[in-house]
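Below are some notes for a colleague who is opening this entry without having seen it before. They are set out as numbered points.

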Amino acid sequence: MTAASGFAAENPARASADWAVELKDAGLAALAATLLALPLMGLQTYDVGGGALGVRTRFDWVVVAAAAVFAGRLILRICHRLTRRRERRSDGVLASLTASTSRRTSLLAATGIAFAVALPVLPFSSRYLIDLGTTVLIYVMLGWGLNIVVGLAGLLDLGYVAFYAVGAYTFALLARDLGLTFWQALPFSGLVAAGFGVILGFPVLRLRGDYLAIVTLGFGEIIRIVLVNWSPVTGGPNGISDIPRPSFFGLPFARSSPEGATTFAQFFGLEFSPNQRVVFLYFVILALALVTNLFTLRLRKLPIGRAWEALREDEVACRALGINPTNVKLSAFGIGAMLGGFAGCFFATRQGFISPESFTFTESATILAIVVLGGAGSQIGVVLAAILLVTLPELGRAFAEFRMLLFGAAMVAIMAWRPRGLLAYREPSLHLAPRPRWARLR
Amino acid sequence: MTEAGDTRQPLLAVEHLTMRFDGLLAVDDLSFAAYSREITAIIGPNGAGKTTVFNCLTGFYKPSAGRLAMHVDGKTLLLERIDGFKIARQAGVVRTFQNIRLFAGMTALENLIVAQHNLLMSASLFSIAGFLGLPRYRSAERAAVERARYWLDKVGLTQRADWAAGTLPYGAQRRLEIARALCTEPALLCLDEPAAGLNPSESAELNQLLLAVRADQAIAILLIEHDMSVVMGTSDHVIVLDYGRKIADGTPAEIRADPTVVRAYLGEDEHEVLPTATTARPGIGRA
């Protein structure tokens, strides 16, 4: 007899009692749902004509809601029970678990990069899919940038979209007024955004937690409102259009060459196709994202990265050890903002048109959700969360008005099952014990 | 009293330190000295102002009055004039905390490397040399790991170097916090109740560690402690505070025999008239 069946045979009474508890719990939830749904869903007003209202009952809706809550609650409790049992079993193998997690993460990263590189040539690939991939990668990059501020340094920033906007507008203005191309403007976008990051950093040096979050939220709104109202420079709500597209080492992606210049298609002797530019943009953001990732991973293993994490863990102890918290915070804000600026620059060239509409608080919230859902501080977690948060609303398109509901439900589900994020494992920045070979290669 | 005949240059000279919080006088005209290669214990009932003295020394508070002079490398540095976070670097004064303040999510080794932040930061040329992996940074990092390994060995945590600090047992966390402070290569180490919460065998180990540090390192140790086995077993010199004032100063043997100290800890004789302010005093049981 196996252990599992033995357990069931020994405790039949206990197992049935468990079921009774679960059913009772789900029944109570369904009762609460019925009480709530009776007035909210069960009664509907309608116009009887002449300005008067009649009331119509919809008790079938109430029954459906109660049944849905009953089933959902039951499934949730059973899943909880199963995961708890599994956790209890894994207590004794903590050490090997962390090792295998680390190994699985490296494998996941390698597969992910291979898939991302091959995406445009895969048989099921389409223009829509590549466009979606580009959007996902923009959010991955933004997530990685914010991850430095929130995940590593532990500074809650609700206005990150401001740096994204600064990067985008820097490129748009440089292109419009000075005629700079995407590649020439890219470094400036990052630098200007980093400057704004430091400017935001100064007034909030003494703030922590909730207070910091509120001030950064305000900063994000200030930038957006300045963009809306400073019409002579930013174009106000109309935004800036005709932002130049990136070229492939000077070769433009166009049907016919302007003023005799060679186009990308002509140079390589290819048939012109608008897809070429889409694929090129995809590879540009993929490269930018990979460089961002290498940059962050490298910084994490340097004194500055360890100081960020130490600041997150305990600022008082940092001061007592002689670490200047001002420098640590400003560097986190500055570098995080710089990465957001690069992403903004790419966003501007990809859209060809930007307006303050694209930089609302919802964007900040989405980016923060990506970082938190991914597991603060985890690079691969951010990728998984970005894929989830960008594709879920896309998948939900078929359900029309229910897609935001679906989105919200998915976020609640993740937080219920993995409260520390999808991948909360933290890889130490250095080890004393000798490491297995696969781990040292990274 | 030890000070009377002492002509040596003290490492730390505290003169007339006063710390006032609105109406409350936490430290009242306190003067004492601490010498290199000596352990100076500060004892007293709870609320006597011991931790306030540490907070003044390490820059968390600006004293209301008084002078805190550190004599390092032939120079005199006034701690009350140095910015809080610079005290560790410039004057070599580091501390541990009554409620342990480790970087809980980081490993024991990383805690000790973060302690060497300023050294590594300048070796990495503000991250540029470090980013490029230049040899000057790599060798500095190797040296930092070696120093961390030395202290991990001293506190018996080499086997757990790669554990997250927050997952270590309580006694190990206390030792790791001391090791982290020592990794900064301080001149003055301030330990705030290092034996709090330790069992008798762990506090005996702590005694051994403190005596070993005193023997090997040219540093002064200031020790706030309620555990008399630690105080009497390690210190060269004991200062007793009560209501922010120094009531006794001497060798452990002198302090043990001092009637004022006994009164401060155990209360006055019942037959004498008690001043109302001194009747209720928390912490008597702990001493």
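1. Chain B has an open sheet of 4 strands in the order β2-β1-β4-β5, and the pairing is antiparallel. The edges are taken by β2 (24-34) and β5 (75-78) of chain B, each of which pairs on one side only. From one strand to the next, the twist averages 25°. The model is a predicted one, and this applies to every point that follows.

2. Within this sheet, strand β1 (residues 12-21) and strand β4 (residues 65-72) of chain B pair in the antiparallel sense, over 5 bridges. One place to look is Thr18(B), whose bridge partner in β4(B) is Ala65(B). As background, strands of a sheet pair through backbone hydrogen bonds, either parallel or antiparallel.

3. Chain B also has an open sheet of 6 strands, with the order β6-β7-β8-β3-β9-β10 and mixed pairing. Its edges are β6 (93-95) and β10 (245-250) of chain B; each has a single partner strand, so one side of each is left without a neighbour in the sheet. Neighbouring strands here are turned against each other by 20° on average, direction ignored.

4. At one end of that order, strand β9 (residues 237-242) of chain B pairs with β10(B) in the antiparallel sense over 5 bridges. Val240(B) has Ala248(B) as its bridge partner in β10(B).

5. How far can chain B be trusted? The mean pLDDT of chain B is 85, and 90% of its residues reach 70 or more. The stretch to treat with care is residues 270-287 of chain B, where pLDDT stays under 50. For those residues the model has 15 contacts beyond four places in sequence. Where pLDDT is low, the predicted coordinates should not be read in detail. For the model, the scores are ipTM 0.86 and pTM 0.79.

6. Turning to chain A, helix α5 (residues 127-152) and helix α11 (residues 275-300) have axes that come within 9 Å and cross at roughly 20°. With the limit for this class set at under 35 degrees, α5(A) and α11(A) are therefore roughly parallel to each other. The crossing of α5(A) past α11(A) is left-handed. By class, their contact has 16 nonpolar, 6 polar and 3 charged residues.

7. From α12(A), Ile304(A), Ala307(A), Trp308(A) and Leu311(A) meet Pro325(A), Val328(A), Lys329(A), Ser331(A) and Ala332(A) of α14(A). The residues of this contact divide into 7 nonpolar, 1 polar and 1 charged.

8. How many residues of each chain are in contact with the other? There are 26 residues of chain A in contact with 31 residues of chain B. On the chain A side, the elements that give two or more residues are α12 (303-313) and α13 (315-320). The largest share, 7 residues, comes from α12(A). By class, the chain A side has 15 nonpolar, 4 polar and 7 charged residues.

Conventions. Residues numbered from 1 in each chain as written. Chains lettered and ligands numbered in written order. Predicted model: local features only at pLDDT ≥ 70, side-chain atom pairs only at ≥ 80, totals over all residues. Contact = placed C-beta atoms within 7 Å. Nonpolar A, V, L, I, M, F, W, Y, C, P; charged D, E, K, R; others polar. pLDDT = per-residue confidence, 0-100. Pairing = 2+ DSSP bridges. Axes fitted to C-alpha atoms, helices over the stretch in contact; angles between N-to-C directions. Parallel < 35°, antiparallel > 145°, perpendicular 65-115°, else oblique. Left-handed = near helix turned anticlockwise from the far one by under 90°.
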